[in-house]
Amino acid sequence: MTSLMGPEPSTDRFLRGSGSYVADLTPPGAKHLAFVRSPHAHARVHSVDLRRALAAPGVRAAFRAADLEAAGVGTVTHQMPTPPFQPLRWPLLAADKVRYVGDPVAVVVADDPYLAEDAAELVAVGYEVLPAISDPERALAEDAPLLYDEWGTNLFVSDAVRFGDLDAGFAAASGIIEESFEHHRVCGFPLEGNQVWAYRDRSGRLQICASTQFPHQFQAVVADLLGIPLPGIRVTVPDVGGGFGLKQHVTREELLTAALATLLPWPVRWGCDLAGTLEHGIHARRQRHAVRVGYGSEGELLAVEAHITADVGNPLLYFTGAGPALVTAGSLPGAYAVPAYACEVRAVATHTAPVGGFRGFGQPQAVFTMERVLDMVARRVGRDPADVRRRNLVPDAPRPYVSRTGQRYDIGSIRTQFDRLLGEVRHKRARDATESLGEQELYHGTGFACYIEPNAPNIHSLAGRYGAYETVTLTMQPDATIVACVGTKDIGQGNVAAFTSMISGELRVAPDRVTVRDGDTDLLPLGLGTMGSRSMVMVGEALRSACRQLRAALAGIAAHALEASAASVRFHQGACCSGDRRISYEDIAAIVYLRPYALPPDTAPGLLFTGVANASATDYFPNEAGELNVAATYSSSVGAAHVTVHPVSGEVTVTGFTVVYDCGEVIDPVNVQGQLQGSFAHGMSAVLFEDLVYESTGTARTPLSSYLVARSTDVPRVRSVHMGTRPDFGAGVRGVGQTATILAPAAIANAIEDALEPFGVTVRQTSLTPRSIRSMIRHVADSGPSRRRACPSNGPAVPSVVTERPAT
């Protein structure tokens, strides 16, 4: 199979429409899969009749769960070691029961996707509809319908941590806040949904091409499922049209495509469109937080207690979709020095689509809740929210600073960052400023958010098979070009260009002499993949190690050829120099590959080196106190959003967002700014536009036509200030790709409440669409004068019909 990897570093080809995605590379003669999906959220499956579908034009095969079992296709498990998860092993097609709308019960294989879809509609399924539940807290009731009878509950996993003297903290508090916050469900919504094709080549090897962030993990799960040794499977990943965390997981449809390739004589292909991603793809974010916070008279935090209830849908994902909820629990203290902290987290199964990872992976929820709490504390003690934050931010020393959950922060001064942010936005209470818009007024508000983000996390406790390391190989070819093979996958964030720039700088060669290959399990024995702000941190360190080994080898060979000492050798423009003498890399490569007799004594031919980055400071498991240092290093960021709110329409416009961040050494400034801009668009869109709502019966009431996302014209240009500090670990870099996604929801929510202060609105939810804003204003108005502050005469009168942006 011809390699699909090694795209040019420049991203211009995407603008020219020259990207190569999974669908573009479909093998000739491939057959297409269409799934028969349940229209019910919960039902017993009594029968699946394939006869009419098999007789349809162009249909080559069709399968039920029983057919796959008879063919020897195995089942999948989450492989979770800790904390105690419910036992769960699932077939690739639903067998006895369906547990969410879109649950696949059969698959049809046909000559083209249209024939396959038509035939799938001919499959007759006998259902016995059962009660369903979509609310995670109601799902914990004793009489709630169960997803899995053998559990005896819908609680998929629970965990609890407690640090410091919580009782003493609350006893010393001058005030206590008890609040609840609702985090709504969204969908990552990549333009390219999950896509995969597979076939057996002439040697019998299983060739898979998939749109995934984790090629090696994908390979390992397929190997477990089919009982094939790893060398018998090759997974390649071409250009990816958006991953955003959803493609960390391995879905049943992807695995079934691989399985059918071993049962059928043709290549087989499956792809998910946008409507499918929304209906039965991987969703994210839904949590409910009940918090109790004790604070002092100056706004200092003394104790924080949280109870998190997370909706994981039907949790048929590897790796587990409960991961974000566990990350939320560990992330709540975030950038703040909290003396006492306790958290209970419950991940609950419901009759809805699976919930998994999405950009930020549980951290936006934690930051939203903590930042809302700080604004509430500021209001209670009569202080400026900025002053309360400054008082509670982690101190500048010691380093590392050990957080209440055991994370070892190696950051610079986040207090200095915050002071710089205040200077950049010229902070003032902006809510008194109004602006006329016809007969109504726009209300202005400013909101803040701060966070310290784990980079390159050790996900062994979430994935069960992978640690915190990364491997690369670096080779100088006979023509002196450089080839680097990495185990992460560029999913659009510009990793290949950044790696190329790093190698070019380390070896003093032109970028066009460097090729970076990724997304191919044949390149390396193992790579963890792309997630958790780890690519530049881990691969950067591994590449630096390999580059230094290559430099040492080149210096030794050059010194021998130039009759100089290795210590005197310098690197300049693709050559080794000593004094006024030089030898080009091409001449050194010729010695190594063509004239090994000219090598220094005891020097073996070859210029291939392996670099390994091992984040040994991370913890694989919590200690006895429950502390867990999850990350190789940490990045810090602070942000401010400015909004205008139209109280009649409920429309919110973000007029500005400023972020002061520390990502260590900046390898590619343009790419970093692009990451900040894109991640802010994600965070802003999630709260102001997107809302995936389920009925209580488990049926989604948000079709594709109603699921709005932010347009480029809705998103302001992010203003950024870099205040870099060098971490002790790695190549001097920290993560940046999730920064604004984590900060934006909290900063925007705080700004909206600031703007609506005259109306007495308190923001307790992440869904801040126009409808939600109008509802909050109406709720305060209906609660009577005691709930409202001085409200303008043009007040919160809301017309019965308000025009919103049409779906596109």
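In the predicted model, Met476 has Ile482 of strand S25 as its bridge partner. Strand S24 (residues 469–476) and strand S25 (residues 482–486) run antiparallel and are joined by five bridges. Both strands belong to an open sheet of four strands with mixed pairing, arranged in the order S26-S25-S24-S30. Strand S26 (514–517) and strand S30 (608–614) form the edges of this sheet, each pairing on one side only. On average, neighbouring strands are turned by 20° against each other, direction ignored. Helix H14 (residues 495–507) packs on this sheet through contacts with S24, S25 and S26, and the direction of the helix makes about 140° with that of S26.

A further open sheet, also of mixed pairing, consists of five strands in the order S9-S19-S18-S17-S10. Strand S9 (155–163) and strand S10 (175–183) each have a single partner strand and stand at the edges, so one side of each is left without a neighbour in the sheet. Neighbouring strands are turned by 10° against each other on average when direction is ignored. The pairing of S9 with strand S19 (residues 341–349) is antiparallel and extends over eight bridges; within it, Arg162 has Ala342 of S19 as its bridge partner. Helix H10 (residues 363–381) packs on the sheet and touches S10, strand S17 (287–295) and strand S18 (301–313), with a direction at about 145° to that of S10.

His32 lies in strand S1 (residues 31–37). With a relative accessible area of 13%, His32 is classed as buried, because the value falls under the 20% cut-off. Beyond residues up to four places away in sequence, the contacts of His32 comprise Val108, Val109, Ala110, Asp111, Asp112, Pro113, Ala116 and Arg269.

How values were computed. Residues are numbered from 1 along each chain as its sequence is written. This is a predicted model: local features need pLDDT of at least 70, side-chain atom pairs count only at pLDDT 80 or more; totals for chains, interfaces and linings use all residues. Side-chain values use heavy atoms; hydrogens and water are left out. Helices (H or I, at least four residues) and strands (E, at least two) are DSSP runs, numbered from the N terminus. Buried means under 20% relative accessible area, exposed over 50%, partly exposed in between (1.4 Å probe, protein chains only). Contact means heavy atoms within 4.5 Å. Two strands pair if DSSP finds at least two bridges between them. Axes are lines fitted to C-alpha atoms, for helices over the stretch in contact, and angles run from 0 to 180 degrees between N-to-C directions.
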